[in-house]
Amino acid sequence: MSEAIRRLSDDTSASDRLSSVLHGIISQQEFNETSLQQLANHIIEFRTFKGATNNKCVRSLCYASRHYVERLVLLSPLLTRLITLDEANAKRSGCMFLHGQRNFLACLERLFSLGAFDESKEACLSQLLFNQVKSGGLEVDVLSKWLNRATPFTEMDVKVFSALKQQLSAFKEWLESSIDTDDEDNSKD
């Protein structure tokens with residue numbers, strides 16, 4: 001019985017260990033190309049040997065960056081790969097891609113609840129969302145629906161979720177205008 005409990009605790013703490021390892025790299029004063037490679041190597045190791053899913057890796061990466069959210073913007077290409085690809089590095093199916101996007105948005109809700117996107121870092125959130133839309137990690141429709149939701153994906157207080165949406169109001173206007181522009185361009189074709 002104690003062996004089963006030990007294995008269970010090892011399994012549940014694997015994502016905590018991944019977050020801890022990633023936090024150690026992200027918090028380095030010199031955050032550069034070598035740091036990015038170290039992050040990728042640790043994620044690959046946890047995916048290969050610990051069976052971590054891409055969604056779990058996204059959660060660990062976001063949580064590890066809670067004090068350094070500006071570095072998440074630099075990690076946009078890695079986040080995009082984790083959101084769009086499955087564990088075999090093949091393009092995710094429609095429902096799994098949707099699940100990956102919602103997982104990422106839920107991570108942003110949790111970071112916002114923790115105060116990670118305060119006034120000094122609020123532009124990071126818009127930049128991160130912009131990068132994900134442009135790189136294909138977030139579909140405009142999914143992001144637009146999230147910004148128009150009355151309730152969050154997580155247990156976040158509705159008032160805090162309203163504050164998050166308020167912080168993203170300028171980004172939402174840009175997003176809606178880009179959708180309108182795309183619709184106009186498509187109707188001309």
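Predicted model: local features only at pLDDT ≥ 70, side-chain atom pairs only at ≥ 80, totals over all residues.

Visitor: Where does N89 sit?

Guide: N89 is in the loop between α5 and α6.

Visitor: And what is phi of N89 near?

Guide: Phi is near 60° there, a positive value in a residue other than glycine.

Visitor: OK, zooming out. How many helices and strands are there in the protein?

Guide: The protein has 10 helices and 0 strands. Along the sequence, that reads α-α-α-α-α-α-α-α-α-α.

Visitor: What share of the residues count as buried?

Guide: 40% of the 189 residues in the protein count as buried. As for contacts with a separation of 6 or more, 68% of them come from residues 24 or more positions apart.

Visitor: Let's look at helix packing. At what angle do α5 and α7 cross?

Guide: Roughly 55°, with the axes of α5 (residues 76-84) and α7 (residues 122-135) coming within 10 Å. An angle of 65 to 115 degrees would be roughly perpendicular and one under 35 degrees roughly parallel, so α5 is oblique to α7. The crossing of α5 past α7 is right-handed.

Visitor: Which residues make that contact?

Guide: From α5 you have S76, L79, T80 and I83, and from α7 there are L128, N131, Q132 and S135.

Visitor: What about α3 and α6, at what angle do they pack?

Guide: About 20°, with the axes of α3 (residues 54-64) and α6 (residues 94-113) 10 Å apart. The cut-off for roughly parallel is under 35 degrees, and α3 and α6 are therefore roughly parallel to each other. Their crossing is right-handed.

Visitor: Which residues are in contact there?

Guide: On the α3 side, N55, V58, R59 and C62. On the α6 side, H99, G100, N103, F104, C107 and L111.

Visitor: How many residues of α3 are buried?

Guide: 8 of its 11 residues, so α3 is largely enclosed by the rest of the structure. The buried ones are N54, N55, C57, V58, S60, L61, C62 and A64.

Visitor: Switching to aromatics. How many aromatic pairs does the count come to?

Guide: The count comes to 3 aromatic pairs. One of them is W146 with F161, where the ring centres are 6.2 Å apart and the planes are at 65°, so the pair is edge-to-face. The cut-off for that label is over 60 degrees.

Visitor: Where in the chain are those two?

Guide: W146 is in helix α8 (residues 140-147) and F161 is in helix α9 (residues 158-167), so this pair, 15 residues apart, links distant parts of the chain.

Visitor: Is W146 buried or exposed, and what about F161?

Guide: W146 counts as buried at 1% relative accessibility, and F161 counts as buried at 0%.

Visitor: What's the geometry of the F171 and W174 pair?

Guide: The ring centres of F171 and W174 are 5.5 Å apart and the planes are at 40°, so this pair is tilted. F171 and W174 are both in helix α10 (residues 169-188), 3 residues apart, which separates them by about one helical turn.

Visitor: Why would residues three places apart point the same way?

Guide: Because an α-helix has 3.6 residues a turn, residues three or four places apart point the same way.

Visitor: Which residues lie over the face of a ring?

Guide: R66 lies over the face of Y63, 4.0 Å from the ring centre. K91 lies over the face of F97, at 5.6 Å from the ring centre.

Visitor: Last one. Where is S169?

Guide: S169 lies in helix α10. S169 is partly exposed, with a relative accessible area of 27%.

Visitor: How far apart are S169 and S126?

Guide: They are 43 residues apart in sequence, and 9.7 Å apart in space from C-alpha to C-alpha.

Note on methods:
Residues numbered from 1 in each chain as written. Heavy atoms only, no water. Phe/Tyr/Trp six-rings, centres within 6.5 Å; stacked < 30°, edge-to-face > 60°. Helix = DSSP H or I, 4+ residues; strand = E, 2+ residues; numbered from the N terminus. Buried < 20%, exposed > 50% of the residue type's maximum accessible area, 1.4 Å probe, protein only. Lys NZ or Arg CZ within 6 Å of the ring centre and 35° of its normal. Axes fitted to C-alpha atoms, helices over the stretch in contact; angles between N-to-C directions. Parallel < 35°, antiparallel > 145°, perpendicular 65-115°, else oblique. Left-handed = near helix turned anticlockwise from the far one by under 90°. Contact = heavy atoms within 4.5 Å.
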